[in-house]
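Work through the exercises below with the model in view. Try each task before reading its solution.

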Amino acid sequence: MRSKYSVKQLSIFLENRKGRLLEVTKVLSDAGINIRALAMAESAEFGILRLVVNNPEKAKTALSSAGFTVKEQDVFAVEVEDAPGSFYKVVKILAEADINIDYTYAFVGGTQKAVLIFKVPEEMLDNALKALSTGGITLVEPLFFYD
Amino acid sequence: MWNRIEGAPREEIEALQLKRLRDTAERVYHLVPFYKKKFDEQGIHPSQIKSLADLARLPFTTKQDLRDHYPFGLFTVPMDQVVRIHSSSGTTGKPTVVGYTQHDMGVWTEVMARTYAMAGVGAQDVVHNAYGYGLFTGGLGFHYGAEKVGAAVVPSSGGFTKRQLLLMKDFGATILACTPSFALHMSEVALEEGYDIKRDFKLRAGFFGAEPASQGLRQALKDAWGIIYIEAYGLSEIIGPGVAAGCPHGSLHVFEDHFIPEVIDPETGEVLPDGEEGELVFTTVTKQALPIIRYRTKDITTLHRRPCKCGRTLVTMDSVVGRSDDMLIVNGVNVFPSQVEHVLTKVEGTTPNYVIVVDKKGVLDKLEVWVEVDETTFADGIGALEALKKRLEAEMLNELYINAKVKLVEPKTLERSMGKAQRIIDKRQVEGGKK
């Protein structure tokens with residue numbers, strides 16, 4: 001299931017200094033990359049920008065050649081009703097399957113749907129996909145994000 | 001003057017040095033395999049030492065030699081004769097170890113008494129000793145010397161500035177012993193706390209050492225505390241503090257009847273004449289546990305043999321103006337970039353690419369280590385990075401005895417210079433000093 005549902009996420013380490021986010025986004029813009037989902041984690045001195053984009057390979061190449069160090073990781077996405085309790089339902093299944101969630105972020109899709117992105121430890125990824133699938137959750141194929 | 005030898009005719013001092021040098025050479029040659037081998041390689045036997053000029057024919061000893069024989073390999077006495085062991089932090093996890101017999105403690109106490117005598121310290125005085133007590137030789141060196149001259153010593157050690165000020169005031173301290181930067185820090189805190197320094201404190205002299213001090217800092221201390229400034233020079237490998245001490249006329253006299261100084265060209269090892277700047281080298285001629293032949297201090301200075309107004313005939317040295325290696329002195333603690341590198345390599349998740357930034361925060365030094373994170377580390381999230389930062393800081397404190405602030409920077413952002421890496425950015429200014 002992993003090969004079918006894992007989505008490439010790019011992480012970029014950024015120092016907290018003025019203009020740094022501007023530089024990343026300019027590189028992506030110039031390369032014609034469409035950001036499909038993003039999350040930013042930060043501490044007082046630095047942050048990590050996490051992106052799911054329409055063309056991960058191209059984005060990675062553009063960022064690398066601009067001097068950013070980019071780490072690619074597998075995450076997965078699920079589609080849920082844009083309604084109360086949807087997120088709870090997904091998290092509950094993962095919790096019952098004893099799967100740790102490293103982090104998660106979400107965006108509202110075009111229709112009545114919301115998409116949740118999850119990062120779980122590498123060795124738990126397969127179990128997570130299985131548990132969700134069994135639990136009747138719709139897994140999103142990467143093609144949804146990519147061109 | 002504590003001991004008449006300090007003002008004895010040069011011939012008398014030199015005759016004493018020669019006799020002691022020959023004894024020491026015999027001692028190390030016969031008791032330490034390392035020295036026998038070194039002497040043999042140089043083609044010199046202790047019996048061939050006929051004059052002080054022959055000292056130049058003896059082999060050097062380096063800090064690395066001490067480490068290679070960790071912990072007690074260069075000691076010339078069995079451990080049952082050792083009464084004290086001190087140690088400094090090491091560059092590759094192995095510290096430098098020094099040992100003292102009862103006799104050596106006597107020598108150390110004697111030279112520290114001479115140091116205190118530079119300001120006439122005696123039974124009437126209360127010595128507030130804020131050098132760190134512990135493995136560092138500063139605290140205990142100044143402690144024993146103060147007792148020897150009959151002063152009351154307050155072993156306050158470092159830190160707790162406000163409490164130190166309270167004790168200095170309430171106990172009527174007349175003498176302060178600490179690093180110059182800490183003395184200035186104390187004066188600033190005293191002002192903040194509302195003390196009227198010259199009325200509330202009875203200090204009349206300070207004994208400052210363990211780190212370089214600019215003329216500006218010296219003057220600031222004299223003005224702030226209303227004291228005379230006595231410079232103390234030493235290093236643990238030779239004995240600790242007490243190798244040389246400043247007289248009220250500003251000359252730094254080397255107690256050369258115990259420690260014979262030379263200045264050499266750090267590149268060639270050639271002995272330089274008086275008045276020429278080079279690397280300071282010491283041979284201990286009275287120590288038993290760990291006699292050292294021609295120890296390369298890496299300190300850059302100049303020696304002078306000229307009469308001093310204070311009456312001492314001992315050779316004088318200029319205040320140390322720099323180092324012939326990359327050692328940094330941060331709030332009195334010696335730090336080598338290689339030590340930082342060692343910590344970084346030990347802690348997974350950091351590339352060995354780093355820059356050490358030393359700056360002043362007020363009067364105290366602050367040390368930052370900028371470390372590039374690698375892509376495997378930051379992918380685990382902010383929590384992992386914060387943990388890495390904390391772990392690096394804890395390791396620095398543990399291995400280097402310093403509070404360093406670690407700053408994680410983007411991979412591949414630190415300047416990659418051609419050839420030798422620019423590892424150190426020292427923003428502190430020491431007048432008269434040079435790189």
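A cavity is a set of points, on a 1 Å grid over the protein atoms alone, where a 1.4 Å probe fits but cannot get out. Grid points are joined across faces, edges and corners, and a volume is the space filled by probe spheres set on the points. This is a predicted model: local features need pLDDT of at least 70, side-chain atom pairs count only at pLDDT 80 or more, and totals for chains, interfaces and linings use all residues. Residues are numbered from 1 along each chain as its sequence is written, chains are lettered from A in the order in which they are written, and side-chain values use heavy atoms, without hydrogens and water.

**Exercise 1. The cavity**

Find how many cavities of 30 Å³ or more there are, and describe the lining of the largest cavity.

Solution. Step one: the count comes to 1 cavity of 30 Å³ or more. Step two: the volume of the largest cavity is about 40 Å³. Step three: list the lining, meaning residues with an atom within 4 Å of a point. These are B:L66, B:H69, B:P71, B:G73, B:L74, B:F75, B:V97 and B:L290. Step four: sort them. Ala, Val, Leu, Ile, Met, Phe, Trp, Tyr, Cys and Pro count as nonpolar, Asp, Glu, Lys and Arg as charged, and the others, Gly among them, as polar. The lining divides into 6 nonpolar, 2 polar and no charged residues.

**Exercise 2. Aromatic pairs**

Examine the pairs B:F72 with B:F75 and B:F208 with B:Y229.

Solution. Start with the rule. Rings of Phe, Tyr and Trp (its six-membered ring) pair if their centres lie within 6.5 Å; planes under 30 degrees apart are stacked, over 60 edge-to-face, and the rest tilted. The whole structure holds 17 aromatic pairs over all chains. B:F72 and B:F75 are 5.1 Å apart, centre to centre, with 40 degrees between the planes, a tilted pair.

Now check burial (buried is under 20% relative accessible area, exposed over 50%, partly exposed in between; 1.4 Å probe, protein chains only). B:F72 is partly exposed at 32%. B:F75 is buried at 8%.

Turn to the second pair. B:F208 and B:Y229 have ring centres 4.8 Å apart and planes at 40 degrees, so this pair is tilted. B:F208 lies in strand β6 (residues 205-209) of chain B and B:Y229 in strand β7 (residues 228-235) of chain B, so the pair ties together parts 21 residues apart in sequence. Strands are DSSP runs (E, at least two residues), numbered from the N terminus. B:F208 is buried at 1%, and B:Y229 is buried at 13%.

**Exercise 3. Partners of β4(A)**

Which strands does β4(A) pair with?

Solution. Two strands pair if DSSP finds at least two bridges between them. Strand β1 (residues 7-15) of chain A joins strand β4 (residues 70-81) of chain A by 6 bridges, antiparallel. There, A:V7 stands opposite A:V75. Strand β6 (residues 113-119) of chain A also runs antiparallel to β4(A), with 6 bridges. A:E79 has A:V115 as its bridge partner. Strand β7 (residues 138-140) of chain A pairs with β4(A) over 3 bridges, again antiparallel. A:A77 has A:V140 as its bridge partner.

**Exercise 4. The sheet of chain B**

Trace the strand order of the open sheet in chain B, and explain why its edges are edges.

Solution. The 9 strands run β4-β3-β5-β6-β7-β8-β9-β14-β13, with mixed pairing. β4 (152-154) and β13 (303-304) of chain B each have a single partner strand, so one side of each is left without a neighbour in the sheet. Look inside the order too: strand β8 (residues 240-246) and strand β9 (residues 252-254) of chain B pair antiparallel over 3 bridges. Here B:A245 stands opposite B:H253.

Definitions and conventions. On a 1 Å grid over the protein atoms alone, a cavity is a set of points where a 1.4 Å probe fits but cannot get out, and a pocket is an open set with protein on both sides within 12 Å along at least five of seven lines; lining residues have an atom within 4 Å of a point. Helices (H or I, at least four residues) and strands (E, at least two) are DSSP runs, numbered from the N terminus.
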